[in-house]
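Subject: A structure for you to look at

Hello,

Here is the structure I promised you. Please open it next to this email and follow along.

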Amino acid sequence: MLLFLLLLEESERKPVEFLYNKYCRYMYQTAYNILGNNIAAEDAVHNAFVAIINNLDGIKYGLEKELEDPDSDYLLGYVCRAAKNCALNIKAKKDKISRRETSYPEDDTLLGDIEMCDKIIADESVMRIKNCIKKLPEIYRDIFVMHFIGEMSYKEIGKLLSLPQATIRKRIERGKVKLAEELKKEGFDIK
């Protein structure tokens, strides 16, 4: 950030310094809430200020208002939105990279033909199971997902939904029966 400030002309440096000193904490908090990481949040704030510097002419009116009345928060929404957008961009890039790392290699020879086929079949089975879960009636599906995917206890689900634990247990049992029926329809061997 310091390097960018040094590259700016004096007339542009003052408003940017003002915005940085006034809103940096808010922007950092916004980015940190999205990313959950100090370094990534700092990167998002930096990227946001680069975008703000590139758009100084577009926010000239707001800057004038801020400089006239330093107690106003005229640009708070703008700078926090810039930080939020930059944080979301960083998060999307990290998610894309992590998906790429877990995706299959394009070259079958790395895993071997048999292992590749097993992996594809397993993934296809997972998708079919997910579709069967989606077909469950909502009354069973939500509780089923909370318990088996969200790993919530009967007590936690009951508290969240204001239902007795016995009701939660019974709905999970019924959900299992319904899921077994759906899986049989999809050709799974369920005993």
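Below is what was found in it, part by part.

First, the ground rules. This is a predicted model, in which local features need pLDDT of at least 70, side-chain atom pairs count only at pLDDT 80 or more, and totals for chains, interfaces and linings use all residues. Residues are numbered from 1 along each chain as its sequence is written, and side-chain values use heavy atoms, with hydrogens and water left out.

**Overview**

The protein has 9 helices and 0 strands. Both are DSSP runs, numbered from the N terminus: helices are H or I with at least four residues, strands are E with at least two. Along the sequence the pattern reads α-α-α-α-α-α-α-α-α. The protein has 191 residues, and 27% of them count as buried. Buried means under 20% relative accessible area, exposed means over 50%, and partly exposed lies in between (1.4 Å probe, protein chains only). Now take contacts, meaning heavy atoms within 4.5 Å. Among those between residues at least 6 apart in sequence, 58% join residues at least 24 apart.

**The cores**

Which residues touch the most other members of the largest nonpolar core? They are Leu19, Met27, Ala44, Phe49, Ile52 and Ile59, out of 26 residues in that core. Helices α2, α3 (38-54) and α5 (76-102) each supply at least two residues of this core. A second, separate core has 6 residues, including Cys132, Leu136, Phe144 and Leu183. A nonpolar core here is a set of buried Ala, Val, Leu, Ile, Met, Phe, Trp, Tyr and Cys residues joined through side-chain atoms within 4.5 Å.

Look at Ala44 next. Not counting residues up to four places away in sequence, Ala44 touches Ala31, Leu35, Ala83, Cys86, Ala87 and Ile90.

**Aromatic pairs**

The whole structure holds 3 aromatic pairs. Rings of Phe, Tyr and Trp (its six-membered ring) pair if their centres lie within 6.5 Å; planes under 30 degrees apart are stacked, over 60 edge-to-face, and the rest tilted.

Tyr20 is in helix α2 and Phe49 in helix α3, so the pair ties together parts 29 residues apart in sequence. Tyr20 is partly exposed at 31% relative accessibility, whereas Phe49 is buried at 1%.

Another pair is Tyr23 and Tyr26. This pair is tilted, with 6.3 Å from centre to centre and 55 degrees between the planes. Both residues lie in helix α2, 3 residues apart, which is about one turn of the helix. Is Tyr23 buried or exposed? Tyr23 is buried, at 0% relative accessibility. Tyr26 is partly exposed, at 42%. Arg25 lies over the face of Tyr26, 5.9 Å from the ring centre. A charge counts as over a ring if NZ of Lys or CZ of Arg is within 6 Å of the ring centre and within 35 degrees of the ring normal.

**Buried charged residues**

Stay in helix α2 (residues 10-35), which also holds Lys22. Lys22 is buried, with a relative accessible area of 16%. Leaving aside neighbours within four places in sequence, Lys22 is in contact with Glu66, Pro70, Asp71, Ser72 and Asp73.

Now jump to helix α9, where you will find Glu182. Glu182 is buried, with a relative accessible area of 16%. With neighbours within four places left aside, Glu182 is in contact with Cys132 and Lys135.

Gly175 is buried at 0% relative accessibility. Beyond neighbours within four places in sequence, Gly175 is in contact with Leu136, Tyr140 and Phe144. The C-alpha atoms of Gly175 and Ile133 are separated by 9.0 Å, although the two are 42 residues apart along the chain.

Phi of Ser162 is near 55 degrees, a positive value in a residue other than glycine. Ser162 is exposed, at 64% relative accessibility.

Best wishes
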